[in-house]
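Subject: Structure handover

Hi,

Here is the structure I promised to pass on. My notes on what turned up follow below it.

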Amino acid sequence: MDIEEASRRCEEVFTEVEAAVVTGRPFLETVFLGILSRGHVLLEDVPGTGKTLTARSIATALGMSFSRVQFTPDLLPADLTGTHVFNERDRTFEFNEGPLFANVVLADEINRAPPKTQSALLEAMEEGQVTTDGETRDLPDPFFVIATQNPVEQEGTFELPEAQVDRFVAKASIGYPDAEGERELLYRRADRSARSPSVEPVLSAEGVTALQRVPEAVRVEDDLVDYISAVCRETREDPRVTVGVSPRGTQRLFEAARSRAVIEGREYVTPDHVTAVARPVLAHRLVLTADARVNDVARESVVEDVLDEVPVPTVD
């Protein structure tokens, strides 16, 4: 699959998902950064904005298996990875796969599960495998986690540790629809008997794997590599930041910029691609100082200031 075909296939997926979900194209493109970069995406928004519908629709459009896990305070790691069950007929223990054994996994309200259960996702997200009872099992390939958390009702929740937040390629928010979007939402609901709209497959698991290989062919000039590095290093120097972007975050920005170029059908990365993905890729990785948090400084504003501070290379 070449870059032109990959861009066309991405557009087909966007069109199919937009027929089911009332949302903006930038949001879908941000989610797709995680897929193309072989990473994962964190969605943070109030209840009822369509996070679950979006995840299910994307999985269906990509032609991949889908599972949803509702995180609760009593959820155990084995509830994610699976467990051994005794088979009375064979008198042996058989392994029953947990919901992580799917191509697309929706970790709904991930901040409601205790840290021990949250940590069960770490190996799966980073290594594409799970270990139970000393035995390691590979997860389906491709493997993509869409985790959600609500910014409201914080009682009884467990904030994600920085080590886990850093493993998400991007963080996005659907937001409330505008007046026209909400009107369209009601008309769509009136035109069908089912509560949830249907989505047709556009790709297959094999097609997604081929799609994920395309960004490796995108060219990144040396001055763009230096620009990406400078942006990430500048976040560590900002006085409002205690912990800046990690080296892993630098790599993720590089990968996301190449993925953005594929979505636009470009064979090389431009500064605009870097700035377009910098906020969703970098903001959630920053740890602000106590003074910055008291003054309600937004992580996104820090990233914007950094982008304004670092000289942008000239593209010939």
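Helices (H or I, at least four residues) and strands (E, at least two) are DSSP runs, numbered from the N terminus. This is a predicted model, in which local features need pLDDT of at least 70 and side-chain atom pairs count only at pLDDT 80 or more, while totals for chains, interfaces and linings use all residues. Residues are numbered from 1 along each chain as its sequence is written, and side-chain values use heavy atoms, with hydrogens and water left out.

Asp-296 sits in the loop between helix 12 (290–294) and helix 13 (299–309), and its phi is near 55 degrees, a positive value in a residue other than glycine. Asp-296 is exposed, at 66% relative accessible area (buried means under 20%, exposed over 50% and partly exposed in between, with a 1.4 Å probe and protein chains only). Arg-38 also has a positive phi, of about 60 degrees, without being a glycine. Its place is the loop between helix 2 and strand 1 (41–44), and with 48% relative accessibility Arg-38 counts as partly exposed. Pro-142 belongs to the loop between strand 7 (135–138) and strand 8 (144–149). For background, most residues other than glycine have a negative phi, and most peptide bonds are trans.

Pro-142 comes up again with Ala-205. Beyond its neighbours within four places in sequence, Ala-205 is in contact (heavy atoms within 4.5 Å) with Leu-62, Gly-63, Met-64 and Pro-142. Ala-205 lies in helix 8 (residues 205–213) and is buried, its relative accessible area being 17%.

Next, the helix packing. Which angle do helix 1 and helix 2 make where they cross? The axes of helix 1 (residues 3–18) and helix 2 (residues 25–36) cross at roughly 130 degrees and come within 11 Å. Axes here are lines fitted to C-alpha atoms, for helices over the stretch in contact, and angles run from 0 to 180 degrees between N-to-C directions. Helix 1 and helix 2 are therefore oblique to each other (under 35 degrees is roughly parallel, over 145 roughly antiparallel, 65 to 115 roughly perpendicular, and the rest oblique). On the helix 1 side the contact includes Cys-10, Val-13 and Phe-14, and on the helix 2 side Leu-28 and Phe-32 are among the residues involved.

Helix 2 also packs against helix 10 (residues 247–263), at about 115 degrees and with the axes 9 Å apart. Helix 2 and helix 10 are therefore roughly perpendicular to each other. Glu-29, Phe-32, Leu-33 and Leu-36 of helix 2 meet Ala-256, Ser-259, Arg-260, Val-262 and Ile-263 of helix 10.

Finally, the interior. A nonpolar core is a set of buried Ala, Val, Leu, Ile, Met, Phe, Trp, Tyr and Cys residues joined through side-chain atoms within 4.5 Å. The largest one has 68 residues, and Val-13, Phe-32 and Leu-62 are among those with the most contacts inside it. Helix 2 gives the most to this core, with 7 residues. A second, separate core has 25 residues, including Ala-102, Ile-110, Leu-160 and Val-165. Apart from neighbours within four places in sequence, Val-13 is in contact with Phe-32, Ala-61, Leu-62, Val-202 and Leu-203.

Best wishes
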